[in-house]
Structure formats: structure tokens, C-alpha cells
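Student: I would like a close look at a single part of this model. Please keep it brisk and tie the pieces together.

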Amino acid sequence: MNLKSIMAGHRVHSMLIVFPLGLLLSAWFFDAVAYFTGHRYFYLIAYWNGALGLVSGLVAAVFGLVDWMAIPLNTRAKDVGVWHGGAALVMLTLFGWSWLLRIITEDHAPTLLSFCLATFAVVFAIVTGWLGGELVNRYGVGVQNGAGLDGIKEDKPDLLSAAPAPPADR
């Protein structure tokens, strides 16, 4: 079975991961800003960024699993994909625990434990992103066959082929 999560010629997982990474990392950042500035409303921003980051992370994980299933068995890419998915699962779990601990606090401010969990999750986010980059850049996972600097050589036109030519030198 060769499942691939593709929309308009692009892998869905690659399009979605920017949301959980951006939201979860900015949640951690806004907690730090609130702590150092004393402006407690940043805790609320961090809380909701965390909630949205967790939901979008779970959605991205589903598409990542589908893409991982399409990698051939007994390849280095399959092994790296396991580490990538495992690190992402740990990251989401740590952020999830951190977020749950905030529900009971006033204005959803993090406890010391929840901030430490989120900090460890940031480390796992960096590892996860690096491993995802390895999959794409080193092993070519999700890269279309024939892709190059001039695009993909195939019979059907791409979306830019109907675009007007750029203006001549000025």
C-alpha cells in the first residue's frame, strides 16, 4: 500500500508543521516575555497559542504518519522517520502536560514545572525539526522525482507557466 498525503502536488505534513512549531514555540516565548516584563496578559496569549499548537500538532502528526508509511522498509530514511516521529510525540506530550498544568492557575500563568516541561519541549522541537530536515534534504523524502533548480520535467504545465514573463531589464 503506497499512501501519500498530497494536496496540489505538495505534501500536507510539510505544509502543516509550521503551525504547531510556530504556535508552541511562541507560547514558550510569550511566557518568558510575561515573566520578564510583568505583563500577565502574555500568559493568556501563551495559553491559547499552546492550545492551538497542540491541536494543529496532532493534525500534522496524522499526515506525518501517512507520509512515513510511504517510505520503503529497511531504509535509513525509515529509521530517521521513526526518530523524527518519536521526538515529535515527546515534544507534543511535554507541551501537553505543560498546558494542562496551566488550566488550574490564575490567568493561566505557568507553574515552574509547566515552564520547565515547555522548555524541554522546545529542545525536542529543535531535534524534531532537524530530523525532519534530514528526511527532506538528505534522503529526499517528499521530494518529487525529477525535481531540480529548473522545476520538474514533465508534460503537464506547472502553476507558474501561465504567468506573464518578467519585465525586461530597466
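Is Phe-42 buried or exposed, and what is its relative accessible area?

Tutor: Phe-42 is buried, because its relative accessible area is 16%. Buried means under 20% relative accessible area, exposed means over 50%, and partly exposed lies in between (1.4 Å probe, protein chains only). This is a predicted model: local features need pLDDT of at least 70, side-chain atom pairs count only at pLDDT 80 or more, and totals for chains, interfaces and linings use all residues. Residues are numbered from 1 along each chain as its sequence is written, and side-chain values use heavy atoms, with hydrogens and water left out.

Start with the ring partner. Phe-42 pairs with Tyr-41. Rings of Phe, Tyr and Trp (its six-membered ring) pair if their centres lie within 6.5 Å; planes under 30 degrees apart count as stacked, over 60 as edge-to-face and the rest as tilted. The Tyr-41 and Phe-42 pair is tilted, at 4.7 Å centre to centre and 35° between the planes. Tyr-41 itself is exposed, because its relative accessible area is 51%. Ring pairs join Tyr-41 and Phe-42 to Phe-29 and Phe-30 in a cluster.

Now the helix. Helices (H or I, at least four residues) and strands (E, at least two) are DSSP runs, numbered from the N terminus. Helix α2 covers residues 18–37, which makes 20 residues. The expected span is 1.5 Å times one less than the number of residues. Just after α2, Gly-38 has a positive phi of about 80°.

Look at the buried side of the account. Pro-20, Leu-24, Ser-26, Ala-27, Asp-31, Ala-32, Val-33 and Ala-34 are buried in α2. Their cover includes α1 (12–16), α3 (41–69), α4 and α5. Contact here means heavy atoms within 4.5 Å. An α-helix has 3.6 residues a turn, so residues three or four places apart point the same way.

The model has seven aromatic pairs. One of them joins Trp-28 and Phe-115, stacked at 5.9 Å centre to centre with 15° between the planes. Trp-28 is partly exposed because its relative accessibility is 27%. Phe-115 is partly exposed too, with a relative accessible area of 24%.
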